[in-house]
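This report is written for a reader who is meeting the structure for the first time.

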Amino acid sequence: MKTPRRIGILEVARLAGVSATTVSRVLNGHADSRISLETQERVRATANSVGYVVNRLATSLRTHRTGVFGAIVNSLSGHYQPHLTSRLQAAAQRRGVELLVAQAKAEAGEVAGQLRLFQEDFFDGVIMVSDLPGQQALCDHLDRMGKAHVTLGAGLTGPLPAVVTDDRHGMTLLFDHLTGLGHSRISFVYRVSRSALRDRLSIYQDVVGGSAGAIVGDVISFERSDSDRDAFKSILASPMTHPTALICGSDGLAIEVVAFLRDIGLRIPADISVVGYDNVPDTAYWAPPLTTVAQPTDSLCEASLDLLVELSNLPLEARITKRPMRFVPPELVIRASSCSPSLRPFSLA
C-alpha cells in the first residue's frame with residue numbers, strides 16, 4: 001500500500017496565498033495583530049482541508065516553543081467557572097492554540113505539585129483561573145521557573161499580570177439601576193469563603209459610605225449554616241430597616257438567596273428585589289429571570305490568551321518586569337427580579 005504524501009507547510013502557504021512564515025505563526029499560536037483575523041481563518045481552513053498537522057515535537061526542538069498552554073481552574077462545578085472554562089477553550093481553538101485544562105487540588109501545596117507538569121518545556125505558559133489556593137506564591141514560583149503566566153478573573157487584589165472584569169463599573173451599574181427604581185435600602189449578600197467576592201464587597205462599602213446617607217444597608221453573610229440564615233431572617237423581619245433590594249455577590253449566590261426568601265414567604269420582586277453578578281448562561285430562565293451584571297466572558301478569555309501569548313514571546317527579564325492588569329467592561333442585564341420598592345409591608349412565614 002502506498003504511503004500518503006505528507007502535506008508540508010509550503011503547500012499550505014501556496015494554497016492559502018500567504019508566506020510560510022505566516023502559516024507557521026498562525027498554526028503555532030504566535031499570530032499577532034499584523035496578521036488579520038481573516039488571514040488567520042483562511043490559513044487554518046486551508047490546513048484543515050488538506051490535512052496538515054503541526055509537528056509539535058519538531059517545532060519545539062527548533063524554537064523551544066510549542067504553542068501549547070495550560071490552565072488551572074479552581075473548580076469545574078458550580079455556575080460560572082465551568083462556563084468560563086469552556087469559553088476559554090473555545091477562544092484557544094479559534095486561535096489555533098492548544099490549551100490543556102486541569103482542576104486545582106484542594107490545598108496550595110497540591111496545586112504547586114500540579115504546576116510541575118506546566119513547568120515542563122512542553123508548555124509555553126499557564127493561565128490561572130479565578131482564586132486558587134496560595135495563588136500569589138504560585139505566580140512567584142512560575143516566575144522563578146521562567147514560565148509566562150496570566151491570572152484570569154481573580155479580582156482587583158489578585159496577582160499580576162491579570163485580566164479582570166471592571167467590577168467597580170459593574171457594581172456602579174447595579175446601584176444606578178436600583179436607585180433609579182427608587183431603592184435606598186440596599187444590602188449586599190456575600191459568602192466569606194469565596195475570596196473572589198471580596199472586591200465586590202469592598203466596592204459596595206465604598207459606594208454606601210460615599211452616598212452621605214442616601215443609601216443604607218447591611219452586609220449579609222450567607223454561608224450554608226442555620227446561624228447565617230437566622231441572622232438574615234432577623235434583618236428582613238425589621239419593618240423599618242429591612243432592605244428593599246439585595247445585591248448578591250454572584251449569580252450562584254443569588255439563586256440560593258431567592259430559594260431562601262421564598263421559603264420564608266417573600267415574593268421576588270414584589271416584596272424584595274434581588275440582583276446578581278456574572279450572567280451565567282441560565283439566569284434568563286430562572287423564576288423570576290435574574291437582573292445581573294454580565295461578565296464579558298468571551299472578551300475576558302480572548303484578552304487573557306492575547307496577554308499570555310504576548311508575555312510568552314518576551315525575554316524572561318522583560319516578562320517579569322511587565323505586570324499589566326487589563327480591565328474588560330461589563331454590561332447590565334435587566335430582567336424581572338428587580339422593580340420599584342413596594343409600599344406594602346410584608347410579613348415572614
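## The nonpolar cores

The largest nonpolar core has 47 residues, and those with the most contacts inside it are Leu88, Val189, Phe232, Leu246, Leu261 and Val274. A nonpolar core here is a set of buried Ala, Val, Leu, Ile, Met, Phe, Trp, Tyr and Cys residues joined through side-chain atoms within 4.5 Å, where buried means under 20% relative accessible area, exposed over 50% and partly exposed in between, with a 1.4 Å probe and protein chains only. Two or more residues of this core come from each of β1 (68-73), α5 (80-95), β3 (125-129), β4 (148-152), α10 (226-237), β8 (245-248), α11 (251-263) and α12 (297-312). The element that gives the most is α12, with 8 residues.

Leaving aside residues up to four places away in sequence, Leu88 touches Ala71, Leu99, Ile127, Val129, Leu152, Cys301, Ser304 and Leu305, a contact being heavy atoms within 4.5 Å. A second, separate core of 17 residues includes Met171, Ala245, Val275 and Val293.

## Basis of the model and overall make-up

This is a predicted model, in which local features need pLDDT of at least 70 and side-chain atom pairs count only at pLDDT 80 or more, while totals for chains, interfaces and linings use all residues. Residues are numbered from 1 along each chain as its sequence is written, and side-chain values use heavy atoms, with hydrogens and water left out.

The secondary structure of the chain comes to 13 helices and 12 strands; these are DSSP runs numbered from the N terminus, helices being H or I of at least four residues and strands E of at least two. Of the 349 residues of the chain, 49% count as buried. Among contacts in the chain with a separation of 6 or more, 72% are between residues 24 or more positions apart.

## How helices pack

The axes of helix α8 (residues 167-181) and helix α9 (residues 198-209) come within 10 Å and cross at roughly 50 degrees; axes are lines fitted to C-alpha atoms, for helices over the stretch in contact, and angles run from 0 to 180 degrees between N-to-C directions. The two helices α8 and α9 are therefore oblique to each other, on a scale where angles under 35 degrees count as roughly parallel, over 145 as roughly antiparallel, 65 to 115 as roughly perpendicular and the rest as oblique. Asp167, Arg168, Met171 and Phe175 in α8 meet Arg200, Ile203, Tyr204, Asp206, Val207 and Val208 in α9.

Helix α1 (residues 9-16) packs against helix α2 (residues 20-27) at an angle of about 105 degrees, with their axes 8 Å apart, so α1 and α2 are roughly perpendicular to each other. In this contact, Ile9, Leu10, Val12 and Ala13 of α1 meet Ala20, Val23 and Ser24 of α2. Helix α2 also packs with helix α3 (residues 37-50), at an angle of about 90 degrees and with axes 10 Å apart, which makes α2 roughly perpendicular to α3.

## Backbone details

The peptide bond from Leu160 to Pro161 is cis, with omega near -5 degrees, and Pro161 has its place in the loop between β4 and β5 (162-165). The bond from Ile268 to Pro269 is also cis, with omega near 5 degrees.

Ala212 has a positive phi of about 55 degrees although it is not a glycine, and at 78% relative accessibility Ala212 counts as exposed. Asp278, another residue other than glycine, has a positive phi near 135 degrees, but at 6% relative accessibility Asp278 counts as buried.
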